Amino acid sequence: MALETEKRFRLLTLDELTSKVQEYLPDADVSLLRKAYYFSHEAHCSQKRIEGTPYIDHPLSVASMLADMHLDLTSIIAGLLHDTVEDTETNLKDIEELFGSDVAFIVGALTKLSRMQFRTQEEAQAENFRKMFLAMAEDIRVILIKFADRLHNMRTLEHLPPKKQKRIAQETLEIYAPLANRLGIGWMRAEFEDLSFKYLNPDMYKNLLKKVARRREEQEGYINEVAQQVRNKLSEHGIPAEVTGRVKHLYGIYRKMQIQKIPFDQVYDVLGLRIITDTKIHCYEILGLIHSMWRPIPGRFKDYIALPKSNMYQSLHTSVVGPKGERVEFQIRTHDMHRIAEEGIAAHWMYKEGGRVLEKDARYIRWLRELIHSQKELKDAREFLEMVKGEVTPEVVYVFTPRGEIKELPAGSTPVDFAYSIHTEVGHRCIGARVNGRIVSLRYQLQSGDSVEIITSPSHGPSRDWLNFVVTQRARTRIKQWIRGEERKQSLELGYRLLETEMRKKGLSPNIIKSDEMEEIAKSFSLKSTEDLLVSIGYGKVSVHQVIHKFIPEEKEEEIVPIRKRGKEVEAKGIKIKGIDNILYHTARCCYPIPGDNLIGFVTRGKGVTIHRSDCPNLGRIAVDDARLVDVDWVIDENKTAQARLYVETVDKPGVLASLSALMSSMDVNISHLEANTTHDRRAHLTFIVEVKDKDQLNTLKNKIASTEGVLNVKR
Ligand code: MN
């Protein structure tokens, strides 16, 4: 930690930056660098950093970080100038004239980036994200400079007010760290995470800092001893290698404790050893030697050399029971692999002429391109974030298409992932798969070497259930998009039906639904169009009555009170009752009896017989005179239905109502009336009057509703 403090407070000088650059770019045009420094100095001369230091310290620190990353002169200059257009009078034209179009492009892109704020929460900022990624794909230096800028700001975050600290730290943890991880820049990711951690969870941070220091004190001697034994062994075998101790970064420890739900004492890889050698072959030889010295712990060996992570990380990991029975974790890699692990895309970048990454070099680029491509369709920034944060999958499987082409998929991929990797339509229409000639379930986990053939059906669509087992982000995104589209379609239909029925009831012509007047009404609900209004009705966000009220404003409360309080009896529909002929009867609206229920009849004064369920609580209150009760029973008529009422409590989320109505129509159950009310605690109370054949069908329906996602409770 002492090191970090030094880094933070030592003000750099231009001469230091110059000599740093000259070390790895001996032919660099130093005069241009100096010019950029003075230009930036001049532009920022009236500004101070919040900590009171001259502003130039910030661009100088950023440029110096870029020099540490061995980036080219254009990047260093752009780093020096990165805030000039944003904060001062300077314009891009001046920059282009003085420093060339590349520098101007990068500074321009950085300016655009700093003008937008990432929302880490609800609101979609997809377009802004897309811009950022387009800039990044155009010239990866933009993002590297942006990272350096953010890192310096994070290192000096203590000077900002606490609220701002938290916001910036949160954004860094949610966006910058995963992105750095994706791009393989290990050291930046670790520093982003630790600095964010420090501000977001200061107590835990301090606590872990102390614990790690103590662990270090206890174990350093031991680790050094193990390291020495390894060094001796390796020189015995003539294998060149550096053996060094490594400490896991704090946030990494914290996350491990969280994910595995273990206390600090059970995190065994806080301290470990890293062995860096010259060739891949030597990596495996070293592994063999270590395993011959100490017993490896089963399940802890990972070969990321043969199966690199998708951010191109390569290394051998193993844990052994070292001397005195203590666990020791090893990472074994070549110098090249080490550089990639630390610097990621930057390592690839710096050796390329002209600054563009060669495609064959980097999976990052493929990942980036896929991300940008999917961004065109993604409307939701949260989904984008999920995609960035998605696991950097450790392992891959290689499978074959029927034509013998090889596909690389993350381990755990299923035929559905495979189908979506071929084409979105293949994914949507997938109904089954043949692996090596045999039919397998869609949940089957593909193995390397499998030959996979997808069976499709043109009328088929994805199911929500697939989300439980697909592993690729691509499949996940496409399935969600499809489901969302379907839910919208269903809600649109349902909304139309509900509105149409209610309008007819009120003597309004359903043609109005297509009129301009309806468009206006939609707008009065802050919706874009009638279609959106109908969808909202279908989702249960807007009630039919709210819409009807726009036409019949005087309409009394009567229509919106819950049904059970309205008229007590209606003419019975679709049932016959044994033993009573030519008598007017009704089923009671307090209990909605249906075939299969035990019944009792109540003879009313002048209105015939009302049929109640025999356990109807209402009956107990009204039937004081036993003489007025008559025995009744059902005569089942297969072709008739009876009305039943269901109260359903759900979470207040779009789509729940649509999936319930889809469920009912799949069971051939008609909805004859629907009321939806939302509560303050974000729940929805739905009252359905449905037409069912009998109690069995109603019970089946009840069970299915109860197991529908988002449903909290269902009762008659
Ligand atoms: Mn800046």
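This is a predicted model: local features need pLDDT of at least 70, side-chain atom pairs count only at pLDDT 80 or more; totals for chains, interfaces and linings use all residues.
A residue counts as buried when its relative accessible area is under 20%, as exposed over 50%, and as partly exposed in between, using a 1.4 Å probe and protein chains only. Numbering starts from 1 along each chain as its sequence is written, and side-chain values use heavy atoms, with hydrogens and water left out.

**Around Ile223**
- Ile223 sits in helix H13, residues 202–236; helices are DSSP runs of H or I with at least four residues, strands are runs of E with at least two, and both are numbered from the N terminus.
- Setting aside neighbours within four places in sequence, Ile223 is in contact (heavy atoms within 4.5 Å) with Leu271, Gly272, Leu273 and Val328.
- Leu273 is 50 residues from Ile223 along the chain, yet their C-alpha atoms are separated by 7.6 Å.

**Strand S6 and its partners**
- S6 covers residues 327–334, and seven of its eight residues are buried.
- S2 (residues 271–277) runs parallel to S6, joined to it by six bridges; strands pair if DSSP finds at least two bridges between them.
- Arg274 stands opposite Gln331 in S6.
- S5 (residues 316–321) pairs with S6 in the antiparallel sense, over six bridges.
- Val320 has Val328 in S6 as its bridge partner.

**The hairpin**
- Five residues lie between S5 and S6 in their hairpin, where Lys324 takes a positive phi near 60°.
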